[in-house]
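Work through the exercises below with the structure open. Try each task before reading its solution.

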Amino acid sequence: MSAVTAKLRLYWSLIKSWQTALLLSTGMAGYLSASQAPLHWGIFLSLCGSLFLAISGSTVLNMWYDRDIDAKMQRTCNRPLSKGLVTPGEVLRLGLVLSCLGIGWAVFISPSYGLVVFTGLFIDVFVYTIWLKRRTAWSIVWGGISGGMPILAGRVLAVGYVDWIGMLLMLAVLFWIPTHILTFNIRFSEDYQAAGVPTFPSAYGFDATRKIIAASSLLAALAMGGAAVWIGITAGTLRLMVVLSSGLLLLALTTWMRPSEKINFGLFKYASLFMLCFILVLAFGTG
Amino acid sequence: MKISIQDRIFLFCASLLAAYQVVVGIEGLSSFTILCYTVGFGVILVACLLMIILGFDVLESPLVVILSTVIPLSLSIGLVSEFYPAWLPAYLVFSGLGLLAIILTRTVMRSKISVLVLAVVHGIAGLVIFGLPIYLAANGITPPGFILVGLGGALIGLGGLLLFFMRTGSPLVPKERILKFFPALLLMTTAAFVAGFALGKI
(Lines give C-alpha, C1' and ligand atoms only; values in the text may rest on other atoms or scores of the structure.)
Protein backbone atom coordinates (compact mmCIF):
# COMPACT_ATOMS: atom_id res chain seq x y z
CA MET A 1 0.00 0.00 0.00
CA SER A 2 2.78 2.41 0.95
CA ALA A 3 4.55 1.61 -2.33
CA VAL A 4 1.43 2.64 -4.26
CA THR A 5 1.14 5.84 -2.23
CA ALA A 6 4.81 6.63 -2.85
CA LYS A 7 4.35 6.03 -6.58
CA LEU A 8 1.26 8.25 -6.69
CA ARG A 9 3.19 10.96 -4.86
CA LEU A 10 5.90 10.77 -7.53
CA TYR A 11 3.30 10.95 -10.30
CA TRP A 12 1.67 13.93 -8.57
CA SER A 13 4.95 15.84 -8.66
CA LEU A 14 5.12 15.18 -12.42
CA ILE A 15 1.97 17.19 -13.11
CA LYS A 16 3.23 20.48 -11.58
CA SER A 17 0.16 20.75 -9.36
CA TRP A 18 0.24 24.56 -8.91
CA GLN A 19 0.53 25.25 -12.61
CA THR A 20 -2.18 22.69 -13.38
CA ALA A 21 -4.44 24.19 -10.70
CA LEU A 22 -3.97 27.70 -12.10
CA LEU A 23 -4.77 26.63 -15.68
CA LEU A 24 -7.71 24.57 -14.43
CA SER A 25 -9.05 27.58 -12.54
CA THR A 26 -8.91 29.68 -15.74
CA GLY A 27 -10.96 26.99 -17.50
CA MET A 28 -13.52 27.03 -14.68
CA ALA A 29 -13.67 30.83 -14.82
CA GLY A 30 -14.12 30.74 -18.61
CA TYR A 31 -17.11 28.43 -18.14
CA LEU A 32 -18.62 30.44 -15.26
CA SER A 33 -18.23 33.67 -17.25
CA ALA A 34 -20.98 32.49 -19.61
CA SER A 35 -23.00 29.85 -17.79
CA GLN A 36 -26.55 30.71 -16.81
CA ALA A 37 -27.77 30.12 -13.26
CA PRO A 38 -28.48 27.56 -11.91
CA LEU A 39 -25.14 25.91 -12.53
CA HIS A 40 -25.18 22.50 -14.25
CA TRP A 41 -23.01 20.70 -11.74
CA GLY A 42 -22.64 17.58 -13.90
CA ILE A 43 -21.20 19.52 -16.84
CA PHE A 44 -19.11 21.72 -14.56
CA LEU A 45 -17.54 18.73 -12.79
CA SER A 46 -16.93 17.02 -16.16
CA LEU A 47 -15.16 20.18 -17.32
CA CYS A 48 -12.97 20.11 -14.19
CA GLY A 49 -12.17 16.40 -14.59
CA SER A 50 -11.44 16.43 -18.32
CA LEU A 51 -9.38 19.62 -18.16
CA PHE A 52 -7.42 18.35 -15.17
CA LEU A 53 -6.53 15.14 -17.02
CA ALA A 54 -5.65 16.92 -20.30
CA ILE A 55 -3.52 19.60 -18.63
CA SER A 56 -1.79 17.03 -16.42
CA GLY A 57 -1.19 14.79 -19.44
CA SER A 58 0.43 17.56 -21.49
CA THR A 59 2.57 18.59 -18.50
CA VAL A 60 3.78 15.02 -18.00
CA LEU A 61 4.57 14.66 -21.73
CA ASN A 62 6.40 17.99 -21.58
CA MET A 63 8.45 16.75 -18.62
CA TRP A 64 9.18 13.47 -20.43
CA TYR A 65 10.50 15.26 -23.53
CA ASP A 66 12.50 17.87 -21.57
CA ARG A 67 14.12 15.37 -19.16
CA ASP A 68 17.62 16.06 -20.58
CA ILE A 69 17.19 19.83 -20.11
CA ASP A 70 15.75 19.39 -16.61
CA ALA A 71 18.76 17.31 -15.57
CA LYS A 72 21.12 20.15 -16.54
CA MET A 73 19.27 22.90 -14.71
CA GLN A 74 19.67 23.50 -10.97
CA ARG A 75 16.03 24.55 -10.63
CA THR A 76 14.71 21.30 -12.12
CA CYS A 77 17.43 18.69 -11.55
CA ASN A 78 15.58 17.31 -8.50
CA ARG A 79 12.49 16.33 -10.46
CA PRO A 80 11.67 12.58 -10.20
CA LEU A 81 12.60 11.86 -13.82
CA SER A 82 15.94 13.68 -13.60
CA LYS A 83 16.78 11.83 -10.38
CA GLY A 84 15.84 8.45 -11.89
CA LEU A 85 12.98 7.81 -9.48
CA VAL A 86 10.72 7.02 -12.45
CA THR A 87 11.68 5.68 -15.88
CA PRO A 88 11.14 7.66 -19.10
CA GLY A 89 8.94 4.90 -20.53
CA GLU A 90 6.74 4.95 -17.44
CA VAL A 91 6.38 8.74 -17.64
CA LEU A 92 5.57 8.61 -21.36
CA ARG A 93 2.86 6.00 -20.74
CA LEU A 94 1.41 8.07 -17.89
CA GLY A 95 1.36 11.21 -20.04
CA LEU A 96 -0.34 9.42 -22.93
CA VAL A 97 -2.95 7.78 -20.70
CA LEU A 98 -3.81 11.06 -18.94
CA SER A 99 -3.95 12.96 -22.24
CA CYS A 100 -6.14 10.37 -24.00
CA LEU A 101 -8.50 10.14 -21.03
CA GLY A 102 -8.76 13.95 -20.80
CA ILE A 103 -9.38 14.50 -24.50
CA GLY A 104 -11.74 11.53 -24.76
CA TRP A 105 -13.82 12.81 -21.85
CA ALA A 106 -13.79 16.34 -23.32
CA VAL A 107 -15.00 15.13 -26.76
CA PHE A 108 -17.68 13.03 -25.05
CA ILE A 109 -19.06 16.11 -23.22
CA SER A 110 -18.98 18.35 -26.31
CA PRO A 111 -17.07 17.88 -29.60
CA SER A 112 -16.30 21.62 -29.99
CA TYR A 113 -15.01 21.80 -26.41
CA GLY A 114 -12.98 18.63 -27.02
CA LEU A 115 -11.46 20.16 -30.15
CA VAL A 116 -10.25 23.22 -28.20
CA VAL A 117 -8.79 21.02 -25.44
CA PHE A 118 -7.04 18.88 -28.06
CA THR A 119 -5.68 22.00 -29.83
CA GLY A 120 -4.23 23.25 -26.53
CA LEU A 121 -2.54 19.94 -25.84
CA PHE A 122 -1.24 19.64 -29.43
CA ILE A 123 0.25 23.16 -29.38
CA ASP A 124 1.81 22.64 -25.95
CA VAL A 125 3.38 19.25 -26.61
CA PHE A 126 4.20 19.27 -30.32
CA VAL A 127 4.54 22.94 -31.37
CA TYR A 128 5.96 24.44 -28.16
CA THR A 129 7.88 21.62 -26.45
CA ILE A 130 9.07 19.38 -29.28
CA TRP A 131 9.36 21.77 -32.23
CA LEU A 132 10.20 25.30 -31.00
CA LYS A 133 11.42 25.40 -27.37
CA ARG A 134 15.01 24.45 -28.26
CA ARG A 135 15.09 26.54 -31.45
CA THR A 136 13.84 30.03 -30.67
CA ALA A 137 13.12 32.31 -27.72
CA TRP A 138 9.83 33.18 -29.43
CA SER A 139 8.50 29.72 -28.56
CA ILE A 140 6.88 31.34 -25.50
CA VAL A 141 4.24 32.83 -27.79
CA TRP A 142 3.08 29.29 -28.56
CA GLY A 143 3.44 28.35 -24.90
CA GLY A 144 1.17 31.33 -24.19
CA ILE A 145 -1.40 30.25 -26.79
CA SER A 146 -1.57 26.75 -25.31
CA GLY A 147 -1.84 28.28 -21.82
CA GLY A 148 -4.81 30.33 -23.02
CA MET A 149 -6.67 27.28 -24.32
CA PRO A 150 -8.22 26.13 -21.00
CA ILE A 151 -10.04 29.45 -20.48
CA LEU A 152 -11.23 29.38 -24.11
CA ALA A 153 -12.30 25.76 -23.69
CA GLY A 154 -14.35 26.62 -20.61
CA ARG A 155 -16.05 29.43 -22.49
CA VAL A 156 -16.72 27.21 -25.53
CA LEU A 157 -18.31 24.56 -23.31
CA ALA A 158 -20.67 27.19 -21.91
CA VAL A 159 -21.67 29.00 -25.13
CA GLY A 160 -21.17 26.18 -27.63
CA TYR A 161 -18.85 27.99 -30.04
CA VAL A 162 -15.71 30.19 -30.14
CA ASP A 163 -16.86 33.79 -29.51
CA TRP A 164 -14.95 37.09 -29.35
CA ILE A 165 -15.09 37.19 -25.56
CA GLY A 166 -13.47 33.76 -25.49
CA MET A 167 -10.73 34.97 -27.83
CA LEU A 168 -10.16 38.02 -25.64
CA LEU A 169 -9.95 35.80 -22.54
CA MET A 170 -7.39 33.64 -24.33
CA LEU A 171 -5.40 36.74 -25.29
CA ALA A 172 -5.42 37.84 -21.64
CA VAL A 173 -3.75 34.59 -20.57
CA LEU A 174 -1.46 34.64 -23.62
CA PHE A 175 -0.14 38.08 -22.62
CA TRP A 176 0.06 37.14 -18.94
CA ILE A 177 2.20 34.05 -19.53
CA PRO A 178 5.35 35.92 -20.75
CA THR A 179 5.30 37.85 -17.45
CA HIS A 180 5.66 34.49 -15.73
CA ILE A 181 8.07 32.72 -18.10
CA LEU A 182 10.35 35.70 -18.83
CA THR A 183 10.71 36.50 -15.12
CA PHE A 184 11.93 32.94 -14.57
CA ASN A 185 14.15 33.24 -17.66
CA ILE A 186 15.85 36.24 -16.01
CA ARG A 187 16.07 34.68 -12.54
CA PHE A 188 17.54 31.42 -13.80
CA SER A 189 19.30 32.73 -16.93
CA GLU A 190 22.51 30.81 -16.17
CA ASP A 191 20.50 27.61 -15.81
CA TYR A 192 18.84 28.11 -19.18
CA GLN A 193 22.17 28.94 -20.82
CA ALA A 194 23.74 25.80 -19.37
CA ALA A 195 20.89 23.75 -20.77
CA GLY A 196 21.16 25.48 -24.17
CA VAL A 197 17.56 26.73 -24.17
CA PRO A 198 17.21 30.01 -26.11
CA THR A 199 15.49 32.69 -24.02
CA PHE A 200 14.72 36.39 -24.39
CA PRO A 201 17.41 37.43 -21.87
CA SER A 202 20.08 35.50 -23.81
CA ALA A 203 18.85 36.74 -27.19
CA TYR A 204 17.93 40.37 -26.43
CA GLY A 205 19.40 41.20 -23.01
CA PHE A 206 17.87 41.77 -19.56
CA ASP A 207 16.66 45.35 -20.07
CA ALA A 208 14.80 44.55 -23.29
CA THR A 209 13.26 41.49 -21.63
CA ARG A 210 12.06 43.57 -18.67
CA LYS A 211 10.47 46.03 -21.09
CA ILE A 212 8.73 43.16 -22.87
CA ILE A 213 7.46 41.94 -19.48
CA ALA A 214 6.08 45.41 -18.71
CA ALA A 215 4.38 45.70 -22.13
CA SER A 216 3.03 42.19 -21.91
CA SER A 217 1.55 42.81 -18.44
CA LEU A 218 -0.22 45.92 -19.68
CA LEU A 219 -1.61 44.11 -22.72
CA ALA A 220 -2.83 41.32 -20.42
CA ALA A 221 -4.56 43.88 -18.18
CA LEU A 222 -6.15 45.55 -21.23
CA ALA A 223 -7.42 42.22 -22.57
CA MET A 224 -8.74 41.24 -19.11
CA GLY A 225 -10.45 44.62 -18.69
CA GLY A 226 -11.97 44.47 -22.17
CA ALA A 227 -13.28 40.95 -21.63
CA ALA A 228 -14.66 41.88 -18.20
CA VAL A 229 -16.55 44.89 -19.60
CA TRP A 230 -17.88 42.87 -22.55
CA ILE A 231 -19.10 40.10 -20.25
CA GLY A 232 -21.00 42.71 -18.23
CA ILE A 233 -19.47 42.73 -14.77
CA THR A 234 -21.07 44.91 -12.11
CA ALA A 235 -20.06 48.57 -11.75
CA GLY A 236 -18.40 47.91 -8.38
CA THR A 237 -16.31 45.06 -9.76
CA LEU A 238 -15.34 47.19 -12.75
CA ARG A 239 -14.14 49.90 -10.35
CA LEU A 240 -12.00 47.30 -8.57
CA MET A 241 -10.50 46.15 -11.88
CA VAL A 242 -9.64 49.76 -12.80
CA VAL A 243 -7.98 50.32 -9.40
CA LEU A 244 -5.94 47.11 -9.66
CA SER A 245 -5.00 47.95 -13.26
CA SER A 246 -3.62 51.30 -12.12
CA GLY A 247 -1.28 49.47 -9.71
CA LEU A 248 -0.15 47.22 -12.55
CA LEU A 249 0.38 50.26 -14.78
CA LEU A 250 2.48 51.93 -12.08
CA LEU A 251 4.72 48.88 -11.69
CA ALA A 252 4.96 48.32 -15.46
CA LEU A 253 6.01 51.94 -16.02
CA THR A 254 8.59 51.71 -13.23
CA THR A 255 9.93 48.48 -14.78
CA TRP A 256 10.09 50.21 -18.17
CA MET A 257 11.84 53.37 -16.96
CA ARG A 258 14.00 52.00 -14.14
CA PRO A 259 14.43 48.29 -14.80
CA SER A 260 15.59 46.30 -11.79
CA GLU A 261 15.39 42.71 -10.59
CA LYS A 262 13.32 43.66 -7.54
CA ILE A 263 10.70 45.72 -9.38
CA ASN A 264 10.55 43.09 -12.11
CA PHE A 265 9.82 40.35 -9.57
CA GLY A 266 7.30 42.66 -7.89
CA LEU A 267 5.55 43.12 -11.23
CA PHE A 268 5.47 39.36 -11.73
CA LYS A 269 3.87 38.84 -8.31
CA TYR A 270 1.40 41.69 -8.82
CA ALA A 271 0.47 40.39 -12.28
CA SER A 272 -0.18 36.94 -10.76
CA LEU A 273 -2.41 38.52 -8.11
CA PHE A 274 -4.16 40.51 -10.83
CA MET A 275 -4.76 37.28 -12.76
CA LEU A 276 -6.23 35.64 -9.65
CA CYS A 277 -8.57 38.62 -9.10
CA PHE A 278 -9.57 38.47 -12.77
CA ILE A 279 -10.47 34.79 -12.45
CA LEU A 280 -12.60 35.56 -9.38
CA VAL A 281 -14.24 38.46 -11.19
CA LEU A 282 -15.10 36.23 -14.16
CA ALA A 283 -16.51 33.58 -11.88
CA PHE A 284 -18.45 35.72 -9.43
CA GLY A 285 -18.45 39.35 -10.60
CA THR A 286 -21.06 39.26 -13.34
CA GLY A 287 -24.30 41.06 -12.67
CA MET B 1 13.56 47.14 7.74
CA LYS B 2 12.16 43.78 6.67
CA ILE B 3 8.41 43.39 6.51
CA SER B 4 7.08 40.70 8.90
CA ILE B 5 4.31 38.15 8.38
CA GLN B 6 2.17 40.04 10.88
CA ASP B 7 2.65 43.27 8.91
CA ARG B 8 1.67 41.45 5.73
CA ILE B 9 -1.49 40.10 7.39
CA PHE B 10 -2.45 43.60 8.59
CA LEU B 11 -1.84 45.03 5.13
CA PHE B 12 -3.76 42.20 3.46
CA CYS B 13 -6.75 42.80 5.74
CA ALA B 14 -6.58 46.53 4.98
CA SER B 15 -6.46 45.82 1.25
CA LEU B 16 -9.48 43.48 1.51
CA LEU B 17 -11.44 46.17 3.38
CA ALA B 18 -10.48 48.80 0.79
CA ALA B 19 -11.45 46.42 -2.04
CA TYR B 20 -14.80 45.76 -0.35
CA GLN B 21 -15.41 49.49 -0.09
CA VAL B 22 -14.57 50.03 -3.77
CA VAL B 23 -16.86 47.19 -4.91
CA VAL B 24 -19.92 47.54 -2.68
CA GLY B 25 -19.40 50.19 -0.02
CA ILE B 26 -20.04 53.31 -2.04
CA GLU B 27 -23.10 52.44 -4.09
CA GLY B 28 -26.09 54.77 -4.39
CA LEU B 29 -24.12 58.02 -4.57
CA SER B 30 -23.52 60.44 -7.46
CA SER B 31 -20.96 59.37 -10.08
CA PHE B 32 -18.53 62.09 -9.03
CA THR B 33 -18.70 61.15 -5.33
CA ILE B 34 -18.19 57.48 -6.20
CA LEU B 35 -15.18 58.46 -8.33
CA CYS B 36 -13.63 60.40 -5.41
CA TYR B 37 -14.13 57.59 -2.89
CA THR B 38 -12.85 55.04 -5.45
CA VAL B 39 -9.64 57.04 -5.87
CA GLY B 40 -9.15 57.32 -2.10
CA PHE B 41 -9.77 53.67 -1.29
CA GLY B 42 -8.07 52.59 -4.51
CA VAL B 43 -4.82 54.28 -3.49
CA ILE B 44 -5.04 52.58 -0.06
CA LEU B 45 -5.63 49.21 -1.76
CA VAL B 46 -2.77 49.51 -4.26
CA ALA B 47 -0.41 50.91 -1.59
CA CYS B 48 -1.14 47.93 0.70
CA LEU B 49 -0.57 45.43 -2.13
CA LEU B 50 2.69 47.09 -3.16
CA MET B 51 3.94 47.05 0.43
CA ILE B 52 3.03 43.35 0.76
CA ILE B 53 4.91 42.55 -2.47
CA LEU B 54 7.88 44.94 -2.36
CA GLY B 55 8.21 45.57 1.37
CA PHE B 56 8.67 48.92 3.13
CA ASP B 57 11.12 50.06 0.43
CA VAL B 58 8.19 51.47 -1.55
CA LEU B 59 7.81 54.12 1.15
CA GLU B 60 11.20 55.52 0.08
CA SER B 61 9.80 56.48 -3.33
CA PRO B 62 9.31 60.24 -3.94
CA LEU B 63 5.85 59.36 -5.24
CA VAL B 64 4.74 58.43 -1.72
CA VAL B 65 4.33 62.03 -0.55
CA ILE B 66 2.15 62.80 -3.55
CA LEU B 67 0.08 59.62 -3.29
CA SER B 68 -0.35 60.02 0.46
CA THR B 69 -1.86 63.44 -0.30
CA VAL B 70 -4.26 61.99 -2.85
CA ILE B 71 -5.95 59.84 -0.17
CA PRO B 72 -7.13 62.65 2.15
CA LEU B 73 -7.83 64.99 -0.76
CA SER B 74 -10.03 62.53 -2.66
CA LEU B 75 -11.90 61.41 0.46
CA SER B 76 -12.50 65.00 1.58
CA ILE B 77 -13.70 66.01 -1.91
CA GLY B 78 -16.05 63.01 -1.81
CA LEU B 79 -17.45 64.13 1.56
CA VAL B 80 -17.91 67.72 0.41
CA SER B 81 -19.61 66.66 -2.83
CA GLU B 82 -21.91 64.29 -0.93
CA PHE B 83 -23.01 66.64 1.85
CA TYR B 84 -22.19 70.20 0.77
CA PRO B 85 -22.26 70.24 -3.05
CA ALA B 86 -22.52 74.06 -3.06
CA TRP B 87 -18.99 74.25 -1.63
CA LEU B 88 -17.62 71.76 -4.11
CA PRO B 89 -16.30 74.16 -6.82
CA ALA B 90 -14.30 76.19 -4.28
CA TYR B 91 -12.98 73.05 -2.57
CA LEU B 92 -12.05 71.53 -5.94
CA VAL B 93 -10.03 74.63 -6.82
CA PHE B 94 -8.24 74.43 -3.46
CA SER B 95 -7.55 70.69 -3.89
CA GLY B 96 -6.32 71.03 -7.45
CA LEU B 97 -4.02 73.94 -6.67
CA GLY B 98 -2.84 72.24 -3.46
CA LEU B 99 -1.92 69.02 -5.22
CA LEU B 100 -0.24 70.93 -8.04
CA ALA B 101 1.76 72.97 -5.51
CA ILE B 102 2.88 69.78 -3.71
CA ILE B 103 3.97 68.18 -6.98
CA LEU B 104 5.83 71.29 -8.11
CA THR B 105 7.57 71.98 -4.80
CA ARG B 106 8.56 68.30 -4.47
CA THR B 107 9.74 67.63 -8.01
CA VAL B 108 10.50 70.59 -10.28
CA MET B 109 11.24 73.45 -7.86
CA ARG B 110 12.44 71.45 -4.83
CA SER B 111 11.58 74.51 -2.79
CA LYS B 112 11.99 74.91 0.96
CA ILE B 113 8.35 75.92 1.26
CA SER B 114 7.39 72.37 0.29
CA VAL B 115 6.92 71.49 3.98
CA LEU B 116 4.58 74.42 4.49
CA VAL B 117 2.58 73.59 1.35
CA LEU B 118 2.28 69.96 2.40
CA ALA B 119 1.22 70.90 5.93
CA VAL B 120 -1.47 73.31 4.71
CA VAL B 121 -2.98 70.96 2.10
CA HIS B 122 -2.81 67.88 4.35
CA GLY B 123 -4.05 69.87 7.33
CA ILE B 124 -7.14 71.28 5.62
CA ALA B 125 -8.07 67.99 3.92
CA GLY B 126 -7.48 66.14 7.21
CA LEU B 127 -9.67 68.62 9.12
CA VAL B 128 -12.47 68.15 6.60
CA ILE B 129 -12.36 64.34 6.96
CA PHE B 130 -12.04 64.57 10.74
CA GLY B 131 -14.47 67.41 11.44
CA LEU B 132 -17.23 67.05 8.86
CA PRO B 133 -18.42 63.54 9.86
CA ILE B 134 -18.47 64.54 13.54
CA TYR B 135 -20.45 67.70 12.73
CA LEU B 136 -22.88 65.75 10.53
CA ALA B 137 -23.43 63.02 13.13
CA ALA B 138 -23.74 65.51 16.02
CA ASN B 139 -26.47 67.42 14.16
CA GLY B 140 -28.40 64.28 13.26
CA ILE B 141 -27.78 64.68 9.52
CA THR B 142 -26.17 61.25 9.45
CA PRO B 143 -26.46 58.30 11.89
CA PRO B 144 -23.98 58.43 14.82
CA GLY B 145 -21.80 55.69 13.28
CA PHE B 146 -20.59 58.20 10.70
CA ILE B 147 -18.28 59.60 13.42
CA LEU B 148 -16.00 56.63 12.65
CA VAL B 149 -15.16 58.28 9.32
CA GLY B 150 -13.86 61.21 11.37
CA LEU B 151 -11.79 58.78 13.44
CA GLY B 152 -10.38 57.37 10.19
CA GLY B 153 -9.53 60.94 9.17
CA ALA B 154 -7.64 61.48 12.42
CA LEU B 155 -5.74 58.23 11.98
CA ILE B 156 -4.82 58.94 8.37
CA GLY B 157 -3.60 62.36 9.47
CA LEU B 158 -1.37 60.64 12.01
CA GLY B 159 -0.14 58.25 9.29
CA GLY B 160 0.68 61.14 6.98
CA LEU B 161 2.57 62.86 9.79
CA LEU B 162 4.60 59.71 10.56
CA LEU B 163 5.44 59.24 6.87
CA PHE B 164 6.53 62.86 6.74
CA PHE B 165 8.82 62.37 9.77
CA MET B 166 10.28 59.30 8.12
CA ARG B 167 10.89 61.03 4.79
CA THR B 168 12.56 64.02 6.42
CA GLY B 169 14.61 61.82 8.76
CA SER B 170 13.26 63.58 11.83
CA PRO B 171 14.77 62.24 15.06
CA LEU B 172 11.43 62.79 16.84
CA VAL B 173 10.18 59.28 15.97
CA PRO B 174 12.71 56.68 14.77
CA LYS B 175 12.07 55.09 11.38
CA GLU B 176 11.93 51.56 12.81
CA ARG B 177 9.23 52.55 15.27
CA ILE B 178 7.18 54.22 12.52
CA LEU B 179 7.41 51.16 10.29
CA LYS B 180 6.49 48.91 13.21
CA PHE B 181 3.18 50.69 13.70
CA PHE B 182 2.43 51.70 10.13
CA PRO B 183 0.62 48.53 8.86
CA ALA B 184 -1.57 48.34 11.98
CA LEU B 185 -2.33 52.05 11.67
CA LEU B 186 -3.28 51.62 8.01
CA LEU B 187 -5.58 48.73 8.92
CA MET B 188 -7.26 50.70 11.72
CA THR B 189 -7.68 53.70 9.41
CA THR B 190 -9.29 51.64 6.64
CA ALA B 191 -11.49 49.74 9.11
CA ALA B 192 -12.69 53.02 10.64
CA PHE B 193 -13.53 54.43 7.21
CA VAL B 194 -15.35 51.28 6.04
CA ALA B 195 -17.28 50.93 9.30
CA GLY B 196 -18.11 54.65 9.31
CA PHE B 197 -19.47 54.61 5.77
CA ALA B 198 -21.47 51.43 6.48
CA LEU B 199 -22.95 52.60 9.80
CA GLY B 200 -23.43 56.17 8.65
CA LYS B 201 -25.53 55.48 5.57
CA ILE B 202 -28.53 57.80 5.47
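The model is predicted.

**Exercise 1.** Determine how helix α6 of chain B is oriented relative to helix α7 of chain B, and describe their contact.

*Solution.* 
Step 1. Locate the helices: α6(B) covers residues 147–168 and α7(B) covers residues 175–199.
Step 2. Take the geometry: the angle between them is about 160°, and their axes are 8 Å apart.
Step 3. Angles over 145 degrees count as roughly antiparallel, so α6(B) and α7(B) are roughly antiparallel to each other.
Step 4. Sort the contact residues of α6(B) with α7(B) by class: 20 are nonpolar, four polar and one charged.

**Exercise 2.** Do the analysis for helices α11 and α12 of chain A.

*Solution.* 
Step 1. α11(A) spans residues 206–231, and α12(A) spans residues 235–257.
Step 2. They pack at an angle of about 170°, with 9 Å between their axes. α11(A) is therefore roughly antiparallel to α12(A).
Step 3. The crossing of α11(A) with α12(A) is left-handed.
Step 4. Find the residues that meet: α11(A) contributes Leu218(A) and Ala221(A), among others, while those from α12(A) include Leu248(A) and Trp256(A).
Step 5. By class, this contact has 12 nonpolar, four polar and two charged residues.

**Exercise 3.** Which element gives the most to the side of chain B that touches chain A?

*Solution.* 
Step 1. Count the contact: 13 residues of chain B touch 12 residues of chain A.
Step 2. On the chain B side, the elements giving two or more residues are α1 (5–25) and α2 (31–54).
Step 3. α2(B) gives the most, with eight residues.
Step 4. The classes on this side of chain B are 10 nonpolar, two polar and one charged.

Conventions. Residues are numbered from 1 along each chain as its sequence is written. Chains are lettered from A and ligands numbered from 1 in the order in which they are written. This is a predicted model: local features need pLDDT of at least 70, side-chain atom pairs count only at pLDDT 80 or more; totals for chains, interfaces and linings use all residues. Axes are lines fitted to C-alpha atoms, for helices over the stretch in contact, and angles run from 0 to 180 degrees between N-to-C directions. Helices (H or I, at least four residues) and strands (E, at least two) are DSSP runs, numbered from the N terminus. Angles under 35 degrees count as roughly parallel, over 145 as roughly antiparallel, 65 to 115 as roughly perpendicular and the rest as oblique. Ala, Val, Leu, Ile, Met, Phe, Trp, Tyr, Cys and Pro count as nonpolar, Asp, Glu, Lys and Arg as charged, and the others, Gly among them, as polar. Two residues are in contact if their C-beta atoms, placed from the backbone, lie within 7 Å. A crossing is left-handed if the near helix is turned anticlockwise from the far one by less than a right angle, and right-handed if clockwise.
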